Amino acid sequence: MSRYTIKDITRASGGFAMLAVDQREAMRLMFAAAGATTPVNDQVLTDFKVNAARILSPYASALLVDQQFCYRQIVEQNAVASSCATIVAADAFIPGNGIPVDSVTIDHSVDPQQVKRDGGKALKLLVLWRSDEDPQQRLEMVRTFNQLCHSNGLVSIIEPVVRPPRRGDKFDRDEAIIDAAKELGDSGADLYKVEMPLAGRGSQQALLNASQRLNAHINMPWVILSSGVDEKLFPRAVRVAMSAGASGFLAGRAVWSSVIGLPDTEMMLRDVAAPKLQRLGEIVDEMMARR
């Protein structure tokens, strides 16, 4: 059986420059917030994701897709560049309490062998981390996910995202990111996708200190995501995180969110989003060359 490794989702430099289009109801909300005058139906999301895959994948080392809106369409339309690996989200989002993702389980409707037949190299699992929820349940879910990936020769990517506790109102996001890394940073996955400390804000030294602290608790390669980071600050965030030990990024919003809802989406993806992704890839290569 062929077994993929993280080298199958990196650039030639060894760094990760990966694009995410696996946002689901969150993307629908983004279209609505951008002023959509009619209900944002599923086809709107599918069309955007497929166009993003076709136009942006040549500049990415891997593309993260979701089964709900775009995986089959992207495969059937051969929308991913041959130079770009495919990652499939294997997380089922459960809404509740007025938010699109209140809890997460492994999506067992994603068939890892079919993913491999389609040319996919990895699966990704979102792990919501709350201080007042059972860490053993989270660890068991990650162990099950890792086994699912590795027994099928696929790369395992986990994405711990912190949330306020369900009870009480004390929440320090940056401390929670560290606590999640202490718990899950040595959990046997192949790659750790993490929120950028300080939301990418503050002085370069403050960001570096926070990123180094995070790096000390992650015993696997790690990359940053862009949700919560101003897209203008994201290139600096990538640079600082990589100087602290990160190996790149797996991000969507910092690349394409500014073109959501604009007319002539394909042109905007080419003229606005593609140069952003290309520049981020250059930063990754530059930082890897310094190692």
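## Charges over rings

The charged end of Arg72 sits over the ring of Tyr71, 5.2 Å from the ring centre. (To count, NZ of Lys or CZ of Arg has to be within 6 Å of the ring centre and within 35 degrees of the ring normal.)

A word on what you're looking at: this is a predicted model, where local features need pLDDT of at least 70 and side-chain atom pairs count only at pLDDT 80 or more, while totals for chains, interfaces and linings use all residues. Residues are numbered from 1 along each chain as its sequence is written, and side-chain values use heavy atoms, with hydrogens and water left out.

## Aromatic pairs

Going through the whole structure turns up three aromatic pairs. A pair of rings is described by how far apart the centres are and by the angle of the planes. Rings of Phe, Tyr and Trp (its six-membered ring) pair if their centres lie within 6.5 Å; planes under 30 degrees apart are called stacked, over 60 edge-to-face, and the rest tilted. Phe31 and Phe48 make an edge-to-face pair, at 5.7 Å centre to centre with 85° between the planes. Since Phe31 belongs to helix α1 and Phe48 to helix α2 (residues 42–56), the pair ties together parts 17 residues apart in sequence. Buried means under 20% relative accessible area, exposed means over 50%, and partly exposed is in between, with a 1.4 Å probe and protein chains only.

Next come Phe234 and Phe249, with ring centres 6.1 Å apart and planes at 85°, so this pair is edge-to-face. Phe234 is in helix α8 (residues 234–243) and Phe249 in strand β10, so the pair links parts 15 residues apart in sequence. Phe234 is buried at 0% relative accessibility, and Phe249 is buried at 0% as well. Trp256 comes into the picture too: ring pairs link Phe31, Phe48 and Trp256 into a cluster.

## The largest pocket

The largest pocket has a volume of about 640 Å³. Of its 31 lining residues, the closest to the centre are Ala26, Phe93, Val101, Leu126 and Arg253. On a 1 Å grid over the protein atoms alone, a pocket is an open set of points with protein on both sides within 12 Å along at least five of seven lines, a cavity is a set where a 1.4 Å probe fits but cannot get out, and lining residues have an atom within 4 Å of a point. Points are joined across faces, edges and corners, and a volume is the space filled by probe spheres set on them.

Which elements each supply at least two residues of the lining? They are α1 (25–33), β4 (91–96), β5 (99–106), β6 (120–129), β7 (155–162) and β10 (248–251). β4 gives the most, with four residues. By class, the lining has 14 nonpolar, six polar and eleven charged residues. Here Ala, Val, Leu, Ile, Met, Phe, Trp, Tyr, Cys and Pro count as nonpolar, Asp, Glu, Lys and Arg as charged, and the others, Gly among them, as polar.

## One cavity

There is one cavity of 30 Å³ or more, and the largest cavity holds about 30 Å³ of space. Its lining is Pro160, Val162, Ile177, Ala180, Tyr192, Val194 and Glu195. β7, α6 (173–184) and β8 each give two or more residues to that lining, which by class has six nonpolar, no polar and one charged.

## A buried lysine

Is Lys193 buried or exposed? Lys193 counts as buried, at 4% relative accessibility, and lies in strand β8 (residues 191–194). The side chains of Lys193 and Glu159 are joined by a polar contact of 3.1 Å. (That means a pair of N or O atoms within 3.5 Å; within protein, one must be able to donate a hydrogen and the other to accept it, and residues adjacent in sequence count only if both atoms are side-chain atoms.)

## Positive phi in two loops

Asn97 has a positive phi, near 55°, in a residue other than glycine. Asn97 is in the loop between β4 and β5 and is exposed, at 66% relative accessible area. Leu198, not a glycine either, has a positive phi of about 60°. Leu198 is in the loop between β8 and α7 (204–215) and is partly exposed at 31%.
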